[in-house]
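Try each task before reading its solution.

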Amino acid sequence: MELKDTLKQIREKHGLTKRELCEKTGISERAYLTYEFGEREPKISVIQKLADFYGVTTDYLLGRPGAKPPESPIDEFARAERLKELEKIIIKEYLELGNEEREAVLDFIRNCIKKEEERKSSQETYIIQRAARGNPNPNAPVVETVEMTAEEIQRDREKPLEDWDL
């Protein structure tokens with residue numbers, strides 16, 4: 001593959017217009033157009049700048065045999081972290097969402113976490129010591145120890161206070 005073809009292919013793969021690429025790399029748009037249309041060969045410094053920008057080798061840009069296509073950062077991360085294929089797909093799909101869609105996903109996750117925390121807190125039990133109530137045995141302890149859930153504690157607090165001594 002010729003340099004001009006590689007330049008066009010990699011630019012499109014990254015979803016960039018010619019103008020966006022030039023703004024991000026500092027290469028003049030006029031000069032870049034001549035490279036991508038094959039009218040001129042870029043200087044080695046420009047090839048290096050483009051290779052660094054895209055995260056590929058200069059050999060890859062020049063279309064040399066044996067030059068490996070670049071590994072996407074996500075693929076590289078997935079390999080390094082030994083992610084399962086499903087995990088990699090989830091990350092890729094999430095990153096392809098627009099800002100509003102990402103925010104909706106995050107809101108959904110936050111809501112799920114909140115509900116799970118509420119569920120857990122309602123099931124947790126606490127050891128409570130409270131004043132013993134209505135025990136007719138005069139030798140009974142004044143304080144009783146009970147195990148209660150957060151929900152039971154709340155209901156207990158809402159009960160009207162009673163004076164058992166009267």
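A disulfide is a pair of cysteine sulfur atoms within 2.5 Å. This is a predicted model, where local features need pLDDT of at least 70, side-chain atom pairs count only at pLDDT 80 or more, and totals for chains, interfaces and linings use all residues. Residues are numbered from 1 along each chain as its sequence is written, and side-chain values use heavy atoms, with hydrogens and water left out.

**Exercise 1.** How many disulfides does the structure hold?

Solution. Apply the cut-off above. The count is zero.

**Exercise 2.** Classify Cys-22, Cys-112 and Pro-65 as buried, partly exposed or exposed.

Solution. Start with the scale: buried is under 20% relative accessible area, exposed is over 50%, and partly exposed lies in between (1.4 Å probe, protein chains only). Cys-22 has 6%, so Cys-22 is buried. Cys-112 has 38%, so Cys-112 is partly exposed. Pro-65 has 81%, so Pro-65 is exposed.

**Exercise 3.** How are the axes of helix H2 and helix H4 arranged?

Solution. Helices are DSSP runs (H or I, at least four residues), numbered from the N terminus. Axes are lines fitted to C-alpha atoms over the stretch in contact, with angles from 0 to 180 degrees between N-to-C directions. The axes of H2 (residues 18-25) and H4 (residues 44-54) come within 11 Å and cross at roughly 100°. Roughly perpendicular covers 65 to 115 degrees. Therefore H2 and H4 are roughly perpendicular.

**Exercise 4.** Where does Pro-65 lie?

Solution. Find the loop between helix H5 (58-62) and helix H6 (73-81); Pro-65 is there. Now compare Pro-65 with Met-1: they are 64 residues apart in sequence, and 9.3 Å apart in space, C-alpha to C-alpha.

Conventions: Helices (H or I, at least four residues) and strands (E, at least two) are DSSP runs, numbered from the N terminus. Angles under 35 degrees count as roughly parallel, over 145 as roughly antiparallel, 65 to 115 as roughly perpendicular and the rest as oblique.
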